[in-house]
Amino acid sequence: MSVPRLVAFDLDDTLAPSKSPVPQRMLDVFARLLDQTTVAVISGGNFEQFESQLVSQLDGRESVSEAALERLHLLPTCGTRYERREAGAWHTVYREHLSEAERDGALTALREEAERLGLWEAEPWGEILEDRGSQVTFSALGQRAPVDAKHSWDPTGEKKNSLRAAVAARLPDLEVRSGGSTSVDITRRGIDKAYGMRKLEEHTGIPLDDMLFVGDRLDPDGNDYPVKAMGVKCHAVAGWEDTARFIEELLEA
């Protein structure tokens, strides 16, 4: 496979361990990819998470030029926000905020259904519910939970999917999706990672047929699945190490 005109990635468990900085090996190969093509990152995390995990490590890195950073497109909160690099700074292209009523309804439904299903953690690592402006997120063990604890909490996805279904039944006018290993994300209806890919097509002029998406949740219950369902070429990975190997092979092809 030759290098596509645009390669888009999920963030957590695709470019980095959940809520953790992008590892050095991944940074090296990511920088090499940016030298050759347009790159996008679409994730359920907020922009501050993008900054701490990825952007802060790319800024000022000798191997990453300003021209390369201008080829990087960031779509936090499942594509409900879009950031582009211009004149040495990140600028917001758009942001799809939830209304106050939508936000409050989402927060209430998540808490009540999690408590009813026995999924509300009494002693979490940080906040369980987070208002990200354009997205409300439930993190079962808290925002700062260790990676190992998150991966062992619900290995089959049964707990998370039961919560997603229960909350979706209460919020028919909103989009309710399984997120990362312990999370459920809520946005406005019709806004998901497929929405973000269409925005990339609109703003870059690169057709969807010339794009490739790489993610760890391409299963039907995962938040990467809408990209696959819309017909974009996808490559599934099981973690950041898989992704690093795949990019290395792509660059050597």
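Leaving out residues up to four places away in sequence, D216 is in contact (heavy atoms within 4.5 Å) with D10, D12, D13, T14, D224 and V237. This is a predicted model, where local features need pLDDT of at least 70, side-chain atom pairs count only at pLDDT 80 or more, and totals for chains, interfaces and linings use all residues. Residues are numbered from 1 along each chain as its sequence is written, and side-chain values use heavy atoms, with hydrogens and water left out.

**The annotated site**
- An unreviewed UniProt entry lists D10, D12 and D216 under "binding site"; such annotations may be inferred rather than shown by experiment.
- These residues span 207 residues in sequence, but no two of their C-alpha atoms are more than 8.5 Å apart, so they gather at one spot.
- D10, D12 and D216 are also part of the lining of the largest cavity (on a 1 Å grid over the protein atoms alone, a set of points where a 1.4 Å probe fits but cannot get out; lining residues have an atom within 4 Å of a point).

**A look at D10**
- You'll find D10 in the loop between strand 1 (6–9) and helix 1 (24–36); helices (H or I, at least four residues) and strands (E, at least two) are DSSP runs.
- D10 counts as buried, at 5% relative accessibility (buried is under 20%, exposed over 50%, partly exposed in between, with a 1.4 Å probe and protein chains only).
- Beyond four places in sequence, D10 touches residues including K193, F213, D216 and D224.

**Back to D216**
- D216 sits in the loop between strand 10 (211–215) and helix 9 (225–229).
- With 22% relative accessibility, D216 counts as partly exposed.

Notes:
On a 1 Å grid over the protein atoms alone, a cavity is a set of points where a 1.4 Å probe fits but cannot get out, and a pocket is an open set with protein on both sides within 12 Å along at least five of seven lines; lining residues have an atom within 4 Å of a point.
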